[in-house]
Amino acid sequence: MDTRRLQILAELSRLGSMRAVADVLGITTSTVSQQIAALARDMDTALIEPAGRLVRLTPAGRRLAEHAVTIIAAVETARRDLGPGAEPNGTLRVAGFATAIRGYLLPVVIDLAATSPQVHVLIREHEPAESLELLATDQVDLALTYDYNLAPAAEDPTVSATPLWTARWGLGVPADAEPGEGTTLDVFARFRAHDWIVNSRNTADEKVIRTLASMAGFHPRVTHQADSLDLVQEMIVAGLGVGLLPVDFPTLPGVRLVPLAAPDVELRAYAVVRHGRLGWPPLALVTDLLSAAASR
């Protein structure tokens with residue numbers, strides 16, 4: 001149903017003549033008549049009837065005019081609510097990886113409770129591929145994802161990614177191991193005989209490990225998978241292998257974190273939305289707050 005036609009009908013109910021409606025809306029009397037006729041066809045009922053040289057609304061026309069006032073007011077409210085300059089209001093659905101949720105999103109949610117209580121955030125913990133699938137099927141509005149400088153994510157023309165932060169990663173090894181000195185490839189070569197632990201729900205870190213191992217001249221023996229960084233450390237302590245860990249991540253007493261340089265290993269985090277959606281005020285607000293938190 002065309003809201004413009006409803007507006008014309010509502011004005012006709014208020015003003016009583018097509019000429020008066022035309023003058024108020026800045027259109028011709030003929031346009032008023034044509035739009036009312038089109039609306040009558042849409043509703044499959046007569047909306048006006050002759051009244052001397054003028055017209056008047058039929059009972060159905062009067063009833064529709066009452067609805068029109070309510071509908072137009074609701075549309076205007078929605079326009080103000082959803083417009084770029086509107087006060088953020090609504091439920092934002094976010095999927096993201098645990099580090100991003102714990103370190104960045106949860107503080108934003110706590111701040112929103114005080115500054116923008118009308119914005120509600122629903123959180124789902126997922127690895128990047130899972131989050132992007134939920135975004136593609138419109139099950140979430142925002143995906144917090146990551147890739148590595150040595151394993152960049154494939155470009156997707158249907159989404160827009162805002163860079164958030166980067167984090168250096170090192171190699172987690174048993175505390176009694178002697179990592180020695182040298183480049184990343186030197187470090188990898190010294191642990192070539194070890195088992196390697198990779199993520200269970202994302203292949204990016206495994207790609208990094210296999211790439212660097214290949215550059216160091218060997219094929220890594222990938223044997224264990226764990227999604228939790230805490231569990232990766234516990235596996236290292238148990239002697240099950242070595243694996244990548246963030247440089248700034250607290251380590252267990254039985255774990256040594258060996259820096260990796262030349263080449264560096266760097267995780268890159270993003271806030272990803274579908275094209276054309278970032279103008280929605282709640283989504284724009286949360287993305288801006290995440291960017292601000294990451295810059296600090």
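This is a predicted model: local features need pLDDT of at least 70, side-chain atom pairs count only at pLDDT 80 or more; totals for chains, interfaces and linings use all residues.
In the domain assignment, the protein chain is divided into domain 1 (3-82), domain 2 (90-165 + 268-295) and domain 3 (166-265). The centres of domain 1 and domain 2, taken over C-alpha atoms, are separated by 43 Å. An unreviewed UniProt entry carries the annotation "domain: HTH lysR-type", which covers residues 1-58. Over residues 1-58 the chain consists of 62% helix and 14% strand, with 19 Å between the end C-alpha atoms. Strands β1 (residues 48-51) and β2 (residues 54-57) pair with each other in the antiparallel sense, over four bridges, and P50 is placed opposite V55 in β2. The two strands β1 and β2 form a hairpin with two residues between them, and in its turn G52 has a positive phi of about 70°.

Strand β5 (142-148) is largely enclosed by the rest of the structure, because seven of its seven residues are buried. In a regular strand, side chains alternate between the two faces of the sheet. For β5 both faces are covered, since the side formed by L142, L144, Y146 and Y148 and the side formed by A143, T145 and D147 are all buried. Strand β5 has pairing partners that include β3 and β11: β3 (90-96) and β5 pair in the parallel sense over three bridges, with V94 standing opposite L142 in β5, whereas β5 and β11 pair in the antiparallel sense over six bridges, with Y148 standing opposite L267 in β11.

Within strand β5 lies L144, whose relative accessible area of 1% places it among the buried residues. Not counting residues up to four places away in sequence, L144 touches V94, A95, G96, F97, A100, L105, S131, L164, Y270, A271 and L290. One of these contacts, Y270, is 126 residues from L144 in sequence, yet the two C-alpha atoms are 5.7 Å apart in space.

Another residue in the contact list of L144, S131, is one of the buried residues of helix α6, together with P128, L134 and L135. An α-helix has 3.6 residues a turn, so residues three or four places apart point the same way. On the other side of α6, A129 and A136 are exposed. The buried residues of α6 pack against β3, β4, β5, β6 (159-174) and β11 (266-274). Just after α6, a positive phi of about 60° is found at D138.

The loop between β4 (119-125) and α6 (128-136) contains H126. With a relative accessibility of 19%, H126 counts as buried, because the limit for that class is under 20%. The side chain of H126 makes a polar contact, at 3.2 Å, with the side chain of E130. When residues up to four places away in sequence are not counted, H126 touches A95, G96, F97, S131, L134 and R201. Among these, A95, G96, F97 and S131 are also touched by L144, while S131 and L134 belong to the buried residues of α6.

Notes
Residues are numbered from 1 along each chain as its sequence is written. Side-chain values use heavy atoms; hydrogens and water are left out. Buried means under 20% relative accessible area, exposed over 50%, partly exposed in between (1.4 Å probe, protein chains only). A polar contact is a pair of N or O atoms within 3.5 Å; within protein, one must be able to donate a hydrogen and the other to accept it, and residues adjacent in sequence count only if both atoms are side-chain atoms. Contact means heavy atoms within 4.5 Å. UniProt positions are given in the numbering used here, feature names are shortened, and annotations may be inferred rather than shown by experiment. Two strands pair if DSSP finds at least two bridges between them. Domain bounds come from an automatic or database domain assignment.
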